[in-house]
Amino acid sequence: MYKYSDIDKKIIASRVKQFENQVNRRIEGRLTEEEFKPLRLMNGLYLQLHAYMLRIAIPYGELSSKQLRKIAFIADKYDRGYGHFTTRQNIQFNWPKLLEVPEILRELSSVEMHAIQTSGNCIRNISSDHLAGLTLNEIEDPRPWCEIIRKWSTFHPEFSFLPRKFKIAVIGCTEDRAAMLVHDIGLRIIKRKNQVGFEIFVGGGQGRTPIIGKKIRDFLPKKDILNYLEAILTTYNQEGRRDNIYKARIKILVRELGIEKFRSLVEENFSKLSNKELEIDDKSIEEIFGFFRLPPLKPNTNQIPSKNNHEYQNWIKQNVIPHKIQGYSIVQISLKAPKKPPGDATSNQMIALAEISEKFSFSEIRVTHEQNLVLPHVSNDELFNLWNQLKIQNLATPNLGLITDTICCPGMDYCALATARSIPISQKISSHFNNYLKQKEIGDLKIKISGCINACGHHHVGNIGILGLDRKGQESYQITLGGSAKEDAAIGEIVGPSFSENDLIDAIEKILDTYKKHKRNKSDDFLSVFRRIGIKEFKKDLYDNFTKKA
Amino acid sequence: MAKKLQGETFLLSANELRSGKVVFFTSTGWSSSSSEAIKIKVDEIEKYEEISIKEEKKCIIISPKFVELDEAGNIRTLRDKIRNSGITIKI
Ligand code: HEM
Ligand code: SF4
């Protein structure tokens, strides 16, 4: 795990002091809200529906047990005893008091955490694959690259006031577990003729104009990555629109210019602006990689304990995957227990998990963009013990990748921009489809729910996407089908008129009936069937049935 | 601030600057209880707008807004209802 240098520590400490000073000036009236707002946003502090909200970065999704304990402590002392893990590897507190935020930031700095790059029109927290460094088919661990990019971007003077926010994701293998193709820039580490480098995508995004990223470079040698990013960002900074917030993201620029033209501008800047100082030499790369070495795991023949317990067996099947070191497993912890808000964890759960990670996983925890957690290195023979301990904390729900493993934004329960609630929808789905065997029969299926068109809940890329709308004062839910956030990324298609909250579960059941009717075999998942038969079939079954019912 | 308002009667609401807490304007100042809030008629909007600007300048509140009431005197929109009575889910 990355450790702060003395300079990092100084920067973070002075940033806390600076913000404390800004808060004091605000309270005393020496700063107006208009002047203060951009300053608080630079420190992750929003105003939501009920209160302030503080968003804290979990760079590339990595947490130590010490950090998780600190988050739990903050949740108890300064908030309401829980936090919300988001879809970009951040955690949010929903009830902090302005006066206490500098103290919270000071506490965070003591465990090398902060809230910088979690808001505002800057390069945001770099996100990554939660299985980085753990799988055999990886070309290279993406986390060191995230850290290299973070170092370059955090206080980059030219890129602190971009036309709009800017999100980068980095992955190290073919499988995309970081929704890389719906980021402003997506980087995939690839190998070509024995040389490792980056395949680069640009102009992806969600929000009201969802777009899949376009490939801008087939291959870029590793050492040039910062120069190339600088060229993309400079082009965006020069050409991106600042007159219309809805057209300000890089995706709109790329769409309007076309990828060919955009590429030629970037390449021009790349050759014009590239400089030696931004080139990364092997020694620096090695130094950063040193922070991300595996703990001392010895390959062994330890087996997963077999127990005559269905719940345990289901959990092993659903949530546990092999580690690249023989004898170890990666344990995925679902934060989608029945009736719980997706992505929320209580301080008690966090404290317990910190302890569990110390006992079973070298004090490491990972955070996924699908709002779940991971214990990365668990010895196979400990899995039953671990499961028992997770179960006590309601952290052993066996639903990874299944219909109740929904992604969900806070919606109108918390968010001032929402047009409808989203958490109650997710809770309805998790109650209705609670039965594991029923879920297993449906198979892999991603439901993603947003409370408005901003799409923080990734609905555009859900196999089934649900968008909460306001229809004449009533909450109403529009369904999209066929989206994907993986390497085969696709934007879902709207199936037809929206549904009331009461009709929504019926509608989902009807959609699943169509799927089941056309499913050829066990491995024929929802997305494959959708791609084969198209939306028409779903539409017909869905709305004919609803008309008949009415 | 008073743009696109619907209805005849309103409450003045805001968030407290220091705590962020949702508050309503009453005859004795700001309170967390909407039931004590002053019911404001359409033609009084401007007067209360001025009050809210002053209260903002005094660094007591931020983000002032009018909450629309229906004919029965209840809060009209779901967003304002949730803002008044809290989240609708269990943690
Ligand atoms: C104060 C609360 C929040 C506000 C005001 C907010 C606002 C927004 C807005 C305006 C967009 C659209 C950006 C665009 O189209 O240019 C957006 C996108 C997004 N937000 Fe949020 N959001 C909030 C909370 C969250 C939460 C809780 C999550 C995670 C669960 C989240 C994750 C995202 C993601 C993944 C996107 C889409 C990616 C993209 O930027 O294209 N946001 N948000
Ligand atoms: S999608 Fe809309 S409702 Fe949900 S968090 Fe984002 S802005 Fe709020």
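Student: Which polar backbone atom is 2.9 Å from an oxygen atom of ligand 1?
Tutor: One from A:Gln206. Keep in mind that this is a predicted model.

Student: And which side chain has an N or O atom 2.7 Å from an oxygen atom of ligand 1?
Tutor: That of A:Lys167.

Student: What about a nitrogen atom of ligand 1? Which residue has a polar side-chain atom 3.3 Å from it?
Tutor: A:Lys165.

Student: How many residues are around ligand 1, and which come nearest?
Tutor: There are 22. A:Thr87, A:Lys167, A:Gln206, A:Arg249 and A:Cys456 come nearest.

Student: How does that shell divide into nonpolar, polar and charged?
Tutor: Six residues are nonpolar, 11 are polar and five are charged.

Student: New topic: the open sheet. What is the strand order in chain A?
Tutor: Five strands, in the order E1-E2-E5-E4-E13. The pairing is antiparallel.

Student: Why is one side of E1 and of E13 left without a neighbour in the sheet?
Tutor: Strands E1 (45-47) and E13 (344-346) of chain A stand at the edges. Each has a single partner strand, so one side of each has no neighbour in the sheet.

Student: By how much are neighbouring strands turned against each other?
Tutor: By 30° on average, with direction ignored.

Student: What packs on the sheet at E1 and E2?
Tutor: Helix H2 of chain A, residues 33-41. It touches E1 and strand E2 (52-57), and its direction makes about 130° with that of E1(A).

Student: And which helix lies across E4, E5 and E13?
Tutor: Helix H11 of chain A, residues 347-360. Helix H11 runs at about 80° to E13(A).

Student: Let's stay with E4. How many bridges join E4 to E13 in chain A?
Tutor: Three bridges join strand E4 (residues 82-85) to E13(A), and the two run antiparallel. In this pairing A:Tyr82 stands opposite A:Thr346.

Student: How many bridges join E4(A) to E5(A)?
Tutor: Two, and these strands also run antiparallel. Here A:His84 stands opposite A:Gln92 in E5(A).

Student: How many residues lie between E4(A) and E5(A) in their hairpin?
Tutor: Four. One residue in the turn, A:Gln89, has a positive phi of about 55°.

Student: Where do the E4(A) residues point, and are they buried or exposed?
Tutor: A:Tyr82 and A:His84 point one way from E4(A). A:Gly83 and A:Phe85 point the other way. All four named residues are buried.

Notes:
Residues numbered from 1 in each chain as written. Chains lettered and ligands numbered in written order. Predicted model: local features only at pLDDT ≥ 70, side-chain atom pairs only at ≥ 80, totals over all residues. Heavy atoms only, no water. Pairing = 2+ DSSP bridges. Axes fitted to C-alpha atoms, helices over the stretch in contact; angles between N-to-C directions. Contact = heavy atoms within 4.5 Å. Buried < 20%, exposed > 50% of the residue type's maximum accessible area, 1.4 Å probe, protein only. Near = heavy atom within 4 Å. Polar contact = N/O pair within 3.5 Å; in protein donor to acceptor, adjacent residues only side chain to side chain. Nonpolar A, V, L, I, M, F, W, Y, C, P; charged D, E, K, R; others polar.
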